[in-house]
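Thanks for coming, everyone. I'll take one structure and walk through it. Please have a look at it first.

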Amino acid sequence: MVGMTGRVTGTVGPGLVGEVIVRIRGGAEHFLAHPVHGTGRIPVGTVVTVVEYLPPRTVYVMAAYDN
Amino acid sequence: MAIGVVAGIVLAAIVALIGLFKLMWRVAEPNEALVISGSTHKTEGLGQGMGFRIVTGRGTLVLPGVQAVRKLSLDLNETQLSVDCVTHQGIPLRVKGVVIFKVGDDLVSIANAARRFLDQQKMMPERVHIVFAGHLRSIVGGLTVEDMIRDREKLTGQTRMACGTEMEKLGLIVDSLQIHEIEDPTGYIKNLAMPHAAAVQRDARIAQAEANRLATEAEQAAFARMAEATRDSEILQAGYQAERDKAAATARQAGPLSEAAARQEVVVQETRVAELEAHRREQQLQADVRKPADAAAYETRTRAEAERDARISAAQAKARETELAAAAEATRVTTAATADAQAVEARGIASAKATRATGEAEAAATQARGLAEAESAKARGLAEAEAIKARAAALAENQEAVVAQQLAENWPAIVEAGAGAFGNVEHMVLLNGAEGMSEMFAKALTMGGTGLGVARQLLASMGQAPAPGTPSPTTPPVNGRIPIHEE
């Protein structure tokens, strides 16, 4: 799970519960997402990398590409 | 025989093995998870203490009687939301929506869900509804109506924040949360939209009016151009028609015109011929008529002059002759008149003498005849006077007899006058019959007798003392005779 890339479907940011969709188990599932870094929002559509996975459905993500 | 039995036993054993396998082998459908409990199991990805095995998408061997197999559906579920909320501004709303959720596909979610819902899978929507209704109330309470309408991301974000962790606990994932409608009993949303709607309506009307104006302008311009084109076309058509008519008229007249021209030539030539003819004829007349006529006229004139001179001479001679004859006649007439006058004078004198003699003779005769007549009249008058005198004397001697005679003479007139009294009576009623009638007549005639009495009385009074100034009105003839009596 950690290291997978996903796509933001609900804005991720501090104080928000975002949503990412990740290809996993032969399908696509969405997870509740929190940002790894405390600052900055990750808008919808951004490709993110899963940095941490808290079962069952919570991930910590960061933008896959710096810009 | 033994082989057959052995074969049968083997076959039965195979069949029994297959049946046993069928009993022990369980396959999970794609949309379900098998939850196997009853023995320690090792399950990948899960920590210790779970106590049951989860199988998805494949078969597994289960010991009947030792292990229990339960199925957990991974299908979608839905729950209808109908929640009465109050917004941040205190406006009551009824939010209607739908939540579509399922059991998560990872083993952790399945384990959570299995522990909570394995015997209550039918009641899952109800539980979810309760959870969502509560959360939706709190979410809507933190939002304004404008936020809910305009900022759906905020609504979904808050929903995720509120429900995500709870659903994690239940092992569920929300595939979709949709708000169908927001009922607004106070009309807030409608009123909110009204200014914009009015503005939009105004803009729409303005745009419509502008568009109408432009369309009308374009239409009118088009009509004007159409009319212009029609006018031009009609003018051109009229011009062409005129040209056509002109050409047609020219064509129609070409025949008659050429004919007329030809006839004109003919007429000109004929006129020329006629002129020449007339000239020739004039010349001929000059030669044939005028010259002889002139000659004749000259002859006639000469003759007439000669005749006139002769007549003048004759008249002069005749006048002289007449003059002389008149002088002679005058002399003759004078002489005749003188003779006639003398004859008439002589004859007159003779006639006068004769007339005087005749008149004198007639006068003498008339005088003699008058004298004779006068003598006879004198004699007759004297005789009448004598008669009157004799009667007067008789009257004086015997008045009664005279009066009686006068009455007898005039009796018929007296009776007639008496009867005249009855002439004017239309109806007379006599009460004593024929006797009365005779009595009536006797009375009327007695009046005449009374007149007789009166006359007699008058005569008597005149005889005794005659009064000359009192004439009797009843007997004027007596009165008239009195002077004669006195003479």
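**One arginine and its partners**

At 46% relative accessibility, A:Arg25 counts as partly exposed. The cut-offs are these: buried is under 20% relative accessible area, exposed is over 50%, and partly exposed is in between, with a 1.4 Å probe and protein chains only.

Some ground rules. This is a predicted model, where local features need pLDDT of at least 70, side-chain atom pairs count only at pLDDT 80 or more, and totals for chains, interfaces and linings use all residues. Residues are numbered from 1 along each chain as its sequence is written, chains are lettered from A and ligands numbered from 1 in the order in which they are written, and side-chain values use heavy atoms, with hydrogens and water left out.

Back to A:Arg25. Which residue does the side chain of A:Arg25 meet in a salt bridge? The partner is B:Asp106, at 3.9 Å, N to O. A salt bridge here is a side-chain nitrogen of Lys or Arg within 4 Å of a carboxyl oxygen of Asp or Glu. This pair crosses between chains. A:Arg25 sits in the loop between S2 and S3 of chain A, and B:Asp106 in the loop between strand S7 (92-103) and helix H2 (107-117) of chain B. Helices (H or I, at least four residues) and strands (E, at least two) are DSSP runs, numbered from the N terminus.

Is B:Asp106 buried or exposed? B:Asp106 counts as buried, at 3% relative accessibility.

A:Arg25, A:Glu29, A:Arg57 and B:Asp106 are linked in a network of salt bridges.

Now A:Arg57. You'll find it in the loop between strand S4 (47-54) and strand S5 (58-63) of chain A. A:Arg57 counts as buried, because its relative accessibility is 3%. Its side chain makes a polar contact with the side chain of A:Glu29, at 3.0 Å. A polar contact is a pair of N or O atoms within 3.5 Å; within protein, one must be able to donate a hydrogen and the other to accept it, and residues adjacent in sequence count only if both atoms are side-chain atoms.

What else does A:Arg57 touch? Leaving aside neighbours within four places in sequence, its contacts (heavy atoms within 4.5 Å) include A:His30, A:Leu32, B:Gly104, B:Ser109 and B:Glu168.

A:Arg57 also lies over the face of A:Phe31, at 4.7 Å from the ring centre. The rule for a charge over a ring: NZ of Lys or CZ of Arg is within 6 Å of the ring centre and within 35 degrees of the ring normal.

**The aromatic pairs**

How many aromatic pairs are there over all chains? The count is 2. Rings of Phe, Tyr and Trp (its six-membered ring) pair if their centres lie within 6.5 Å; planes under 30 degrees apart count as stacked, over 60 as edge-to-face and the rest as tilted.

A:Phe31 and A:Tyr53 have ring centres 6.0 Å apart and planes at 90°, so that pair is edge-to-face. A:Phe31 lies in strand S3 (residues 27-35) and A:Tyr53 in strand S4 of chain A, so the pair ties together parts that are 22 residues apart in sequence. A:Phe31 is buried, with a relative accessible area of 0%.

B:Phe21 and B:Trp25 have ring centres 5.5 Å apart and planes at 15°, so this pair is stacked. B:Phe21 counts as partly exposed, at 44%. B:Trp25 is partly exposed too, at 36%.

**The interface**

Stepping back to the two chains. 17 residues of chain A are in contact with 17 residues of chain B. The area buried between them is about 1200 Å², and carbon and sulfur atoms give 56% of that. In chain A, A:Val17, A:Pro56 and A:Arg57 lose the most area to chain B, together 41% of what that side buries. Buried area is the accessible area (1.4 Å probe) that two parts lose on being put together, summed over both.

Across this interface, 5 residue pairs are in polar contact, both residues at pLDDT 80 or more. On the chain A side, strand S2 (18-24), S3 and S4 each give two or more residues. S3(A) gives the largest share, 3 residues.
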